[in-house]
Amino acid sequence: MTGHFIPKDLPTHIQHYIDGAFTDSVGGETFSVLDPVSNTDYATAAAGQQADIDLAVAAATRAFTEGPWPQLKSRERARILNQIADSIETQETRLAELETFDTGLPITQAHGQAQRAAENFRFFADLIVAQFDDAMKVPGAQINYVNRKPIGVAGLITPWNTPFMLESWKLAPALASGCTVVLKPAEFTPLSASLWAGIFAEAGLPQGVFNLVNGLGEEAGDALVKHPGVPLISFTGETTTGQTIFRNAATGLKGLSMELGGKSPCVVFADADLDAAIDSALFGVFSLNGERCTAGSRILVERSIYVDFCEKFAARAKNIVVGDPHDPATEVGALVHPEHYAKVMSYVELGKSEGRLLAGGGRPPGMENGNYVAPTVFADVAPEARIFQEEIFGPVVAITPFENDAGALALANGVKYGLAAYVWTQNLTRAHTFAQNLDVGMVWLNSHNVRDLRTPFGGVKASGLGHEGGFRSIDFYTEQQAVHITLGTVHTPRFGATQFGATP
Ligand code: NAD
């Protein structure tokens, strides 16, 4: 069940990619990278420091100020973005295999993430070709128009869950906008990011437009955030890290996009299609090993169906296939890293005193090695419980009953996070009223997370600031300069003109 698949030609050392060349850290620093099935080191990676970030920012700055990239016509940039998408699709098998090896994500889901990464590039290619900007007329007086300009070097800092896809989520709009970039991927999972260099070079992205510096958040990430040559930071990760970055970016008054943590509710009313709700609620919290920012990790169920729901949900959770991430039959794989595994397990133990354990509760039987957690279900969880309030980021769910709409809303909104929510009801009026009263950035009615790339993506409260998705992403990476043109004679109050006999 826990066989150890090792992709062929696995690198034993992962380098930075700066100004079109793979390179080690100036000072030679490295860190170790392990795989989550054997928990043994399989590679070292260059650990970026200030000096490496300086080089990467210098290369990106040169590519921005001297290179062709920001000046290209949208169609020319779009052509390269589409070639990037083609190349990702061609390498899907390899990409999924490396991603699964490094992250522990089930291989079928890693394939889905690779396809989504390609789609992100196609989407932004289409978007910039269709992009137009506002022109405004004041009859007889002015024409005003928006001159949109790429801002410059964008610093992109990404987490370890679905790393390649989340990198594409930032790379595609940044590059589409004409910015140049320095990417700092998560230190737990640098493997798939090392494919970007080849993909971009093959697609004809000019030298220096894309730069990658591996390393620890407190070193490479921190240097990138504080670098005066980087006016934009797009960050996805934990709320506490986001707060640190906010503070550090304040001195430079940088543009910030913050996609942070979540503790999203899945609210199931008695009139819901129960089978569909159970399918989606299970997928919503256990897909991607539960390491998912939009996971529906709190399930709120109307009292009259509570017992039935809990029973059916727990039976299915017990039946989920936990196994080798490379096995196509696997539904939940291995958590990314022993440190994260220990954190999730501490919540599993805590849950035993905060709720009624219905499924899971530890390692799946017979799986002694690797970061495996049996899908874990706690019922009767009080809203004050830590497993109700805190992001666990693993295959662990809290179920809580509610009596009526007002009670459900209070529970749903009663956490510090506000990323997503899922609402299950057949009642149209209730669905919309409830959705609109939720303090979250995104709501799905009668569905799990199915993204339309044009819609705003982002959270409120502790889940983030700003929105990505569609034109909003382009807005983040571009400056909208207003240009005002006077038609005819400009009417100006004539300061200082009175002594010359002019009428004021
Ligand atoms: P993390 O905050 O630990 O790390 C994210 C990135 O930030 C990594 O690359 C890390 O090296 C870097 N970093 C850490 N400290 C830094 C610092 N001081 N300065 C600059 N960079 C620093 O997050 P994680 O554990 O990798 O990812 C899991 C978290 O990400 C969860 O909280 C999850 O909800 C969140 N997430 C949010 C979304 C979203 O869109 N809202 C999507 C995916 C994940």
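I began with the term helix, which here is a DSSP run of H or I with at least four residues, numbered from the N terminus. By that rule I placed Ala249 in helix 8. The model I am reading is predicted.

**Entry 1: Ala249**

Phe495 is 246 residues from Ala249 in sequence, and the two C-alpha atoms are 42 Å apart in space.

**Entry 2: the ligand and its shell**

I asked myself how many residues surround the ligand. I found 30, and the closest are Lys184, Glu187, Thr241, Leu260 and Glu391.

A polar side-chain atom of Glu391 lies 2.6 Å from an oxygen atom of the ligand. From Glu238, a polar backbone atom is 2.9 Å from a ligand oxygen. For Gly237, a backbone N or O atom lies 3.4 Å from an oxygen atom of the ligand.

I also noted the areas. The ligand taken alone exposes 850 Å², and the protein buries 93% of that.

Then I sorted the shell by element. Helix 7 (217–226), strand 11 (232–236) and helix 8 (239–250) are the elements that give two or more residues to the shell. Helix 7 provides the largest share, four residues.

**Entry 3: helix 3**

I looked at the length of helix 3, residues 92–103. This helix has twelve residues and reaches 16 Å from its first C-alpha to its last, close to the 16 Å expected at 1.5 Å a residue.

Is helix 3 largely enclosed or largely open? Ten of its twelve residues are buried, so the helix is largely enclosed by the rest of the structure. I listed the buried residues of helix 3 as Glu92, Leu95, Ala96, Glu97, Leu98, Glu99, Thr100, Phe101, Asp102 and Thr103.

I kept a general rule in mind: most residues other than glycine have a negative phi. I then wrote down two residues with a positive phi.

Leu253 is not a glycine, yet its phi is positive, about 45 degrees. I found Leu253 in the loop between helix 8 and strand 12 (255–259). Is Leu253 buried or exposed? Its relative accessibility is 75%, and it counts as exposed.

Lys461 also has a positive phi, of about 50 degrees, although it is not a glycine. Lys461 lies in strand 21, residues 460–461. With 38% relative accessibility, Lys461 counts as partly exposed.

**Entry 4: Thr330**

I found Thr330 in the loop between helix 10 (303–318) and helix 11 (338–354). Its relative accessibility is 3%, so I counted Thr330 as buried. Which backbone oxygen does the side chain of Thr330 reach? It is that of Asp324, at 2.7 Å.

Phe286 has a relative accessible area of 3% and is buried. From Phe286 to Phe393 the chain runs 107 residues, and their C-alpha atoms are separated by 10.0 Å.

I then moved to Arg292, in the loop between helix 9 (274–286) and strand 14 (298–302). The relative accessible area of Arg292 is 16%, and the cut-off for buried is under 20%, so Arg292 is buried. Arg292 and Leu411 are 119 residues apart along the chain, with 21 Å between their C-alpha atoms.

**Entry 5: Pro173**

Pro173 is buried, with a relative accessible area of 0%.

How values were computed
Residues numbered from 1 in each chain as written. Predicted model: local features only at pLDDT ≥ 70, side-chain atom pairs only at ≥ 80, totals over all residues. Heavy atoms only, no water. Near = heavy atom within 4 Å. Polar contact = N/O pair within 3.5 Å; in protein donor to acceptor, adjacent residues only side chain to side chain. Areas by Shrake-Rupley, 256 points an atom, 1.4 Å probe, with all protein chains shown as cover. Expected span 1.5 Å × (residues − 1). Buried < 20%, exposed > 50% of the residue type's maximum accessible area, 1.4 Å probe, protein only.
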